[in-house]
Amino acid sequence: MSLVGQSVVRVDAASKSDGTLEYTDDLDFEGLYGAVVRSTIAHGNILSITFDETFDFSDFVIVDHRDIEGRNANVMLTDDQPFLAETKVRFIGEPILLLAHRSQRMLKEALKHIDITYEPLTPVLTVQESLDCKTLLYGDDNLFKTIRTEKGEEPDYTALKSLEKHYSTPHQEQLYMETQSMIARYCDGAVRIVGSMQCPFYVESALFALTGKKIEVEQAPTGGGFGGKEDYPSLIAAYVYLLSKKAKQDVKLVYDRAEDISFTTKRHPSALHYKSHFDETGKLHALDIEITLDGGAYVTLTPVVLARAVLHAAGFYDCGYIKVDARAVATNTPPNGAFRGFGAPQVIFGIERHMDDIARCLGISPMEVRERNLPHSRSVSVTGAKIGEYTRLRTLFETTRKASGFDEKEAAGTPYKGIGMALFMHGGGFTGEGETLLASKVWLDLHDNGMVEIRIGSVEMGQGTLTALPQIVADVLALPITMIRYHLPNTAKVADSGPTVASRTVMIVGELLREAANALKEALGRYGSEAEYLDAVRAYLKSGAQSRFQAAYQKPDTVQWDEEHFYGNGYDGYSLGCYVAEVEVDPVDYRVRVSDFYAYNDVGKVVNPMMAEGQVEGGVAQGIGYALYERIAYQDGKLRSSRLSDYSVPLAADLPKLHIAFLNTDEPSKGLGELPMDGPAAAIGNALTHALDTAFDNLTITPEVVEQKCR
Amino acid sequence: MQIRCTINSRPYRFECEPEERLLDVVRRLGMLSVKKGCGEGECGTCSLFFNGKLVNSCLLLAPQMQGAEIVTLEGLQKETETIRENFAKEGAVQCGFCTPGFVMRAYDYIIHEGSKDEKRVKEALDGNICRCTGYQKIVEAIVKSMS
Ligand code: FES
Ligand code: FES
């Protein structure tokens, strides 16, 4: 029986549930603890740093930017962010100095005896202030990136109705349960990095820029990432590296929760402006969308987040003319970065709320509006590419609509109860030419005992890679999964299969592994039983042939992309979601309860149904949190509260029982990691708008917001 | 200061600072199933039994360990076997960082109450955060462990 499609139990479940799996902070460690000294102002010049003479700093290791041998720039898309501030600081919490000491208590004590004085500059704390350009933070317009795209012909507007609305979404914190943590191992002058991360090769290349040397980077078991461990670990790896190099000892740096919440990257807040033109049946003729993201103090991944926002901004609806004008601005707040969905949850909230608003404006049902605008064989996307998914989308829409009983419930109009839908897509893999530039590789090594070893840079961070990828390989080779080895990656030992992000692991890396496994199978010739397989392996290896089988990404002909004009089909494939939320509002305390939730998905072939369901359950929980609970507040550039008690994420009792379904097709597997995060907030916003007959256009919808709206 | 206590039925005697947290002390002594997710009593990853009561060890100070009887997941491997198996089989484990804490909570719930009502189980989980699973499979695993 085929292994792909079966709910194989995760290979790491036992060691995780008995407590024996060692995360970074659990690893055997003898050495110094690290700490980061940070800016206390949002914008300014560093005038002086003084170490209190009454305090004995002699047994501390102290590092500043002068200890950097190579470039003081964390090179991602650009090089504007220094590892350690030199003369200028741009956000509260920006790292200036590093300290290490054997005792964590002494470290804490020492922090009180370092005094940094600044010449404060006017901080730019809001998007509006940034756009006003009174203070320049980046370039000559404070814009990290702008994207403009336009497709189709403008319609004749005279007979059309129009609607113009603003929507907004806030910061969101990844809140992986294991905080950022990293260890530098020192041995005979060389340093090796071990830690919690999504992208070992990103860390390797950041350290290369810092040191001019190839440093070995190893992923430790990682307690969640959700994007928060995509680019950020490069910084903390550099910190332990610098300290360890100077101390000539191991150094460990583990953020406490407050530090993690305060200073690491978050989801970009967005301001969205939708203007639409449609006829009296609800058929869209023109969409004019403006997107503004707050990027924070440095560029980091913002341009790519913005690109994904643009690509998802109009959904998959059929519309003759679409124009998107998008920009990301610099502010003096901590840099924002990757978070599951990566720009899509923001704009899907926009387009899906807007579809309901069009329905409200015409006095027809939101289903009718969606149905009228479902794509057909000639429909094109925001970048002018054919929407090849139109049949899949229609099937998904109809199935979900029926299964959830949407129409009857919507018509019922029970007080304080509402129902809402979001219909959406998520592009798998890197945007545009991204996958081509990445040129991912995989290796499969054949061992003489018949074991097949997967050697790639993709990581397990909870999503199930360690189980799903062996399933794919074992499936091709018709072997039990126990014959496949796959360890957490070490950059010195594995092929660079690209970062573990962008819903790409099963879809792109899995496909490459399938290719390599097929090559291996072909090399071995026919075998029926496991014994025959072992014979074939022995004979093959005895012949002295290559024991490594490789595959590398090649751009499929279907992906055509013109970055300059933002034109073409931006992704290798799209997964689809249709989510329905039912909500109840408590008329006394205005608390909102999601009472029922339908999450129907089309992701092509599902590799492991149990794990796929788990991804949807977790993603929907985060989406519900995004809609109703999770709120980060900055005041004068400082997080108002960095305590977990003030950042509420959903608990078990806050969540309804979810109805999850996959329209399990035989199409190749598409990405699933991010999809379930994209839709819930829009579905809930729509359900609340239905329940209270007043529009909810801004997240987070806390009880205070509901109360105000009800007044 | 000198502390004497028992951890997982073994006597321990060690030196610690008065302001050290119980969480850090047990981890230093090698009980690594006890994780630090928040350090402020919100997430439940640091759960252990303290004189028979399930507590968040990040909220207690080392001096409180004097004479206490402490049990961590390391000391409950046999007792929690079914629960752990069900966590694996039902898909209740993802990144796993919260899992030891949830297993401890589940064990505590089952020995003290044992109602299979999903609502009750969910309520019992209100001191534990899981950011990966959305809890559904955790609840299912716990209910299954009671059958
Ligand atoms: S670490 Fe103790 S409750 Fe979170
Ligand atoms: S499994 Fe990751 S936090 Fe629960």
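What percentage of the 711 residues of chain A count as buried? Select chain A to begin: 63% of its 711 residues count as buried, where buried means under 20% relative accessible area, exposed means over 50% and partly exposed lies in between, with a 1.4 Å probe and protein chains only. This is a predicted model, in which local features need pLDDT of at least 70 and side-chain atom pairs count only at pLDDT 80 or more, while totals for chains, interfaces and linings use all residues. Residues are numbered from 1 along each chain as its sequence is written, chains are lettered from A and ligands numbered from 1 in the order in which they are written, and side-chain values use heavy atoms, with hydrogens and water left out.

Now bring in chain B. The contact, meaning heavy atoms within 4.5 Å, takes 51 residues from chain A and 42 residues from chain B. On the chain A side, select A:Ser17, A:Met177 and A:Ala652, which lose the most area to chain B and together make up 18% of what that side buries; buried area is the accessible area, with a 1.4 Å probe, that two parts lose on being put together, summed over both.

From chain B, select B:Gln94, in the loop between helix H2 (81-90) and helix H3 (99-112). B:Gln94 has 6% relative accessibility and therefore counts as buried; leaving aside neighbours within four places in sequence, its contacts include A:Arg10, A:Lys16 and B:Cys132.

Finish with some backbone details in chain A. Most residues other than glycine have a negative phi, and most peptide bonds are trans. A:Leu175, between strand S8 (161-169) and strand S9 (181-187), has a positive phi near 50° and counts as buried at 0% relative accessibility. A:Ala478, in the loop between helix H13 (465-477) and strand S19 (484-486), has a positive phi near 55°, but counts as exposed at 62% relative accessibility. Last, select A:Leu699 and A:Thr700, whose joining peptide bond is cis, with omega near 0°.

Notes: Helices (H or I, at least four residues) and strands (E, at least two) are DSSP runs, numbered from the N terminus.
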